[in-house]
Structures are given as structure tokens and as C-alpha cells.
Amino acid sequence: MSTDARANETASGLVPMGVDAATEADDRWFVRASWALVGLGILVRLVRFLVDYPIWHDEAFLAASLWDRGPADLAKPLEYGQVAPWMFLVVERLFVKALGYNEMTLRLFPTLCSVAALVGFRHLAGRVLKGWALVLATAILAVAFYPIRHGDEIKPYAADLLAAVVILILAVEYLRRPDRSRWLWIAAAAMPILLGISYPAVFVAGGAAAALAPGILLRGSNRVRAGFVAFGLAMVASFAVIYLAATISQQRAMGENYRQGYWRESFPPLDAPVWIPVWLLDIHAGNLMAYPVGERRGGSAATLVCAVAGFLALGRSGRRATAGVLLAPFGLGLTAAFLGKYPYGGEARIAQYLAPSICLSAGLGMAVLSARLRRPGRPARVPPILMGAMIVLGTALIVRDLAMPYRIHKDVTAREFARRFWTEQARDADLVCARTDLGVEIDPHTWEAGMSAVYLFHQRLYSPRHRARVAYRPSPEFQAGDRPLRLVLYGDYSPDDPEMRAFLIAMDRGYELRAAREYVVDPGPSRESWLRDAYGVFDFVPRRPRQAGAAGSDATASRF
């Protein structure tokens with residue numbers, strides 16, 4: 001290929017790339033088919049949102065910080081060692097303030113991000129591809145399991161996807177008219193928002209800047225160069241402010257758990273360099289490429305092959321700037337992993353910023369590989385079969401969500417128990433939570449991980465007093481000894497535990513223990529498991545009558 005051909009993309013503008021020749025009528029069908037697949041993808045996402053999945057512990061970890069924090073407090077270290085972009089948290093908090101604190105309101109913003117990302121991706125794909133490549137790329141993201149699942153979770157993963165799509169759209173729109181600087185200035189203005197809702201969006205923005213830099217600096221006009229410099233400065237400044245204001249404190253709170261804990265396999269084995277090539281192959285053939293479906297340990301190898309074929313096709317067609325824009329985020333994400341700053345692969349949720357690049361290149365690769373099949377008639381039949389398979393997958397996801405509206409059944413059990421518990425147990429007693437109402441923590445580690453986050457979420461949702469944000473005050477009936485104080489301790493506590501024994505001894509000085517019982521909602525894998533879901537309930541009454549009044553209330557409260 002000549003130098004002129006390779007430079008054509010940034011010299012004369014980007015045009016959609018097709019694999020086979022198609023008539024104008026064919027092109028119209030492909031456009032309609034791709035938008036119909038967007039409609040299917042939106043339907044899948046809305047069904048999943050509307051069936052209202054019970055919250056699970058990973059979502060509850062972040063929801064715990066959205067109960068009563070103000071904007072400034074959301075920049076501080078979060079409960080349960082969570083890391084999330086400040087602006088994403090602020091938007092979530094605004095939804096809670098306006099619509100209430102429950103699963104659907106907390107998931108509304110991620111769902112809107114997921115739907116907007118799909119629509120935006122179709123626009124992006126239409127600027128780069130046409131024909132079957134356009135249809136297949138759109139179909140992959142429309143029905144891909146992980147963008148659908150994580151688009152309906154109280155987490156910033158859907159915002160990662162949306163931010164990546166918007167940045168890629170801005171880069172591709174510039175490539176369509178490389179003589180104009182408008183899209184670079186728009187990108188500069190958008191950087192504070194996009195990086196504010198998504199940490200890994202900086203990999204996409206940085207990748208776009210790196211891929212566009214050669215063409216702009218060597219052949220761009222002064223006006224285009226000025227726009228590009230503004231884009232770069234806005235990106236660097238936005239990232240620096242966000243990192244110093246919030247990210248660094250969140251990372252410090254996580255400590256070594258980030259690098260050595262749950263995400264250990266998502267960082268390269270620097271202590272055993274000989275295994276790094278194996279790690280790279282395993283990561284890229286695993287959940288990182290699980291589009292539309294996939295699995296670890298090579299379960300996404302087919303998508304990897306298609307994506308590689310798609311990137312090669314872009315490069316060979318002279319669209320190297322486009323290929324670079326799509327490919328560079330992989331390099332920056334991998335660099336961050338080698339530096340121990342951000343996990344790479346392992347799970348699709350942490351790499352949603354790569355989903356647009358994967359789906360677009362894989363769709364193109366499917367079309368390219370199908371066109372190269374040598375058996376008569378096979379190239380024409382394969383793409384419709386692939387499209388049909390993805391339509392079946394999307395339909396199956398809808399059916400599955402309607403038939404089983406939960407992640408695992410224990411989530412349903414936990415929600416239904418809490419719904420009954422916080423109402424029924426308050427009818428004949430002063431129902432209080434030892435931790436949230438009285439500040440008593442028998443074991444502080446209980447509140448660092450596990451099902452305790454789900455417990456707190458359900459308490460705030462189903463306890464009338466907690467939902468109304470009313471502080472506990474002892475009732476006159478309790479002070480007179482006619483109504484027990486029903487104290488809830490979350491977790492497993494044996495009377496033989498030193499902390500529990502000390503607590504009961506302290507209570508015994510002024511109160512009589514009338515009853516004690518344990519509710520095991522779910523035993524978890526073992527008694528010591530952080531996933532064990534258990535409530536300890538203790539009924540206390542005063543040992544001697546107390547006079548009603550504010551002084552008596554204060555004295556009672558002070559004992560706890």
C-alpha cells in the first residue's frame with residue numbers, strides 16, 4: 001500500500017468500511033437491521049431494570065456510601081473500601097435525594113448510561129463500518145451479557161462504557177473531517193464530565209490522543225493543532241484534579257487489597273516474569289473478550305480471533321488512525337496494570353471501557369472471516385446465522401430475567417426476610433440496631449465486607465424509622481418496663497466470645513435479658529464465612545422502673 005493510501009484517512013476523511021460490495025438497497029437494509037438490534041438491546045436492558053433484581057453485596061458496598069453523604073463527603077474514602085468516580089457518586093446521590101433510596105432509583109443512572117452507550121455505539125459503528133460488519137458489531141454489544149448485567153448495577157461500570165463510547169465518537173467524528181477542529185474542542189469541554197464519571201475513561205482519552213497526534217502534528221492546520229492541545233490539556237488537568245481530590249484517598253483506603261487481594265489475577269505476575277506471556281494470552285482469551293458471551297481460561301478465544309482479524313482489516317485498508325484510536329486503550333490499560341494502578345481483564349466489569357473497541361473490531365472480524373470462507377454459498381449464509389444466534393441470545397436473556405428475576409436465589413431470601421423483619425419485629429418492641437442506632441460494634445470487621453452491607457441497605461429500605469431518618473428515642477412503655485428494647489446485632493455472636501460477653505455484662509448492670517434468638521437467613525459456605533447472613537435479636541427490659549421524661553430518655557440512651 002502506498003504512502004498516499006495510508007495517509008488518506010487523515011487527509012481526506014474517514015468513510016465507513018464495508019467487507020463486500022453492496023447495493024444502495026442493501027445498505028438501507030443493513031442500517032434498518034442494525035437499528036432494530038439496538039431496539040432489542042434496549043428492550044433487554046429495560047426488562048432487566050424493571051424486574052427489580054434484589055441487591056447483592058457488591059452493589060450494597062457502594063450503596064452504603066450513598067445514604068447520607070453530601071457532595072464533599074463523597075470525595076472521602078468510601079465504606080467497604082470502594083473506589084468510584086466522584087461525579088458518578090454525586091449523580092447517584094441526586095437520584096436518591098429526588099426519588100428515594102431503593103434498588104431501582106440507585107440503578108436508574110447506570111441503566112440510562114447503558115442505553116445511551118448502546119445508541120451511541122450504533123452511531124460510532126455507522127461511522128466506521130457498513131454492511132454486515134455494521135450489523136454484527138451492533139448485535140454483539142446489543143446482546144452481550146456483561147454490558148447488560150453491569151448496566152443494571154449500582155456501580156460505575158455502565159458509566160465507563162458510556163464515557164468510552166463518547167470519546168471514541170468524538171475521535172472518529174474528527175477523523176471524518178480532519179481539516180476541522182470543532183470535535184477536538186468539544187472533546188476538551190467534555191473531559192471534566194467524562195473523566196468525572198469514569199476513572200478508566202482516561203485510558204480511552206489518552207489512547208485517542210496518542211493515535212491522533214501524528215496526523216495532527218505533522219499535517220494538521222494551526223487551528224486543528226490548537227484544538228488538539230486544548231483537548232490534551234483538558235484531559236491532563238481533569239485527571240489530575242480528580243485524582244488528587246478523590247481517587248488517591250480511595251486507593252489509600254483500599255491499601256494492598258487492591259493489588260494483592262481480590263484483583264490479584266488481574267495484574268501481571270511481576271514476581272514470575274516467565275509467566276507474563278501466558279498471563280497475557282489467558283487474559284485476552286478470557287472474560288476481557290467475553291462478547292457477546294465468553295468465559296475464563298480461553299472461553300473467549302473465538303472473540304479474540306475475530307477482534308484481531310478486525311484490527312488487521314482496519315490497518316490493511318489504510319485506516320490506521322481509526323485502528324489506533326480503538327487499540328490504544330488496551331495498551332494504556334495494560335501499562336497501568338504493570339504499574340499496579342488499575343486491574344486489567346480478569347473480569348469484564350472492570351474493562352467496560354474496552355467493550356466498544358472489542359465489539360466493533362470483533363464485528364468487523366466476523367464479517368471479514370465469513371467473506372473468506374471458500375465453500376460455495378457459505379460466505380453469504382454465515383453472517384445471517386450469526387445475527388440470528390445473537391437475536392436468540394437477546395431473547396433468551398429477556399425470558400431468563402422474567403422467569404428468574406434475581407442473580408442468585410439467596411438474594412431474594414435476604415430481601416424478603418428483611419422486608420418482614422423490620423416491620424414485624426417493631427410491633428411489640430422498641431426495635432433498634434446496635435450499630436446504626438446506638439453505635440455499638442461487637443466486631444468492627446463485620447462492617448468491612450460481606451453481607452453486612454446488604455443488611456444495612458435493607459434496614460434503610462424497610463425499617464419505617466430508618467427510612468424516615470428518625471433517631472431512636474426510648475418509648476414511655478419501655479421506660480415503664482411494659483415494652484422490651486429489641487436489640488439487633490448483625491452477624492454470628494456466641495456468648496463465649498470475649499467481646500459479646502463483655503457487652504452482655506455491661507447490659508446486665510441496668511437491664512434484664514428476657515429473650516435471645518438468632519435468625520440465620522443464609523448460612524454461607526461456612527460458619528466463619530463473610531457471606532453468612534445472620535441476625536442476633538436480644539430483648540431487654542429495665543431492671544427497675546424509670547420515670548418518664550427527657551432526662552430518663554437521655555440516661556437510657558447513654559447506657560448504650
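In which sense do β3 and strand β4 pair, and over how many bridges? In this predicted model, β3 and β4 (residues 533-542) are paired in the antiparallel sense, over 10 bridges. Within this pairing, Y519 has Y535 in β4 as its bridge partner. Strands of a sheet pair through backbone hydrogen bonds, either parallel or antiparallel.

The two strands belong to an open sheet of four strands, arranged in the order β1-β2-β4-β3 with mixed pairing. At the edges stand β1 (430-433) and β3 (511-522); each has a single partner strand, so one side of each is left without a neighbour in the sheet. From one strand to the next, the twist averages 20°. Helix α20 (residues 452-462) lies across β1, β2 (485-490) and β4, and runs at about 145° to β2.

Attention now turns to a pair of helices. Two packed helices are described by the angle between their axes and the distance between the axes. For helix α8 (residues 157-176) and helix α16 (residues 355-371), the angle is about 60° and the axes are 8 Å apart. On the α8 side, L161, A164, V165 and L168 meet A355, P356 and S357 of α16. By class, this contact has six nonpolar residues, one polar residue and no charged residues.

Some loops show particular backbone features. The peptide bond from Y291 to P292 is cis, and P292 is found in the loop between α13 (276-284) and α14 (301-316). Y80, in the loop between α3 (57-63) and α4 (86-99), has a positive phi of about 60° although it is not a glycine. Because its relative accessibility of 11% is under 20%, Y80 counts as buried.

Conventions. Residues are numbered from 1 along each chain as its sequence is written. This is a predicted model: local features need pLDDT of at least 70, side-chain atom pairs count only at pLDDT 80 or more; totals for chains, interfaces and linings use all residues. Side-chain values use heavy atoms; hydrogens and water are left out. Axes are lines fitted to C-alpha atoms, for helices over the stretch in contact, and angles run from 0 to 180 degrees between N-to-C directions. Contact means heavy atoms within 4.5 Å. Ala, Val, Leu, Ile, Met, Phe, Trp, Tyr, Cys and Pro count as nonpolar, Asp, Glu, Lys and Arg as charged, and the others, Gly among them, as polar. Two strands pair if DSSP finds at least two bridges between them. Buried means under 20% relative accessible area, exposed over 50%, partly exposed in between (1.4 Å probe, protein chains only).
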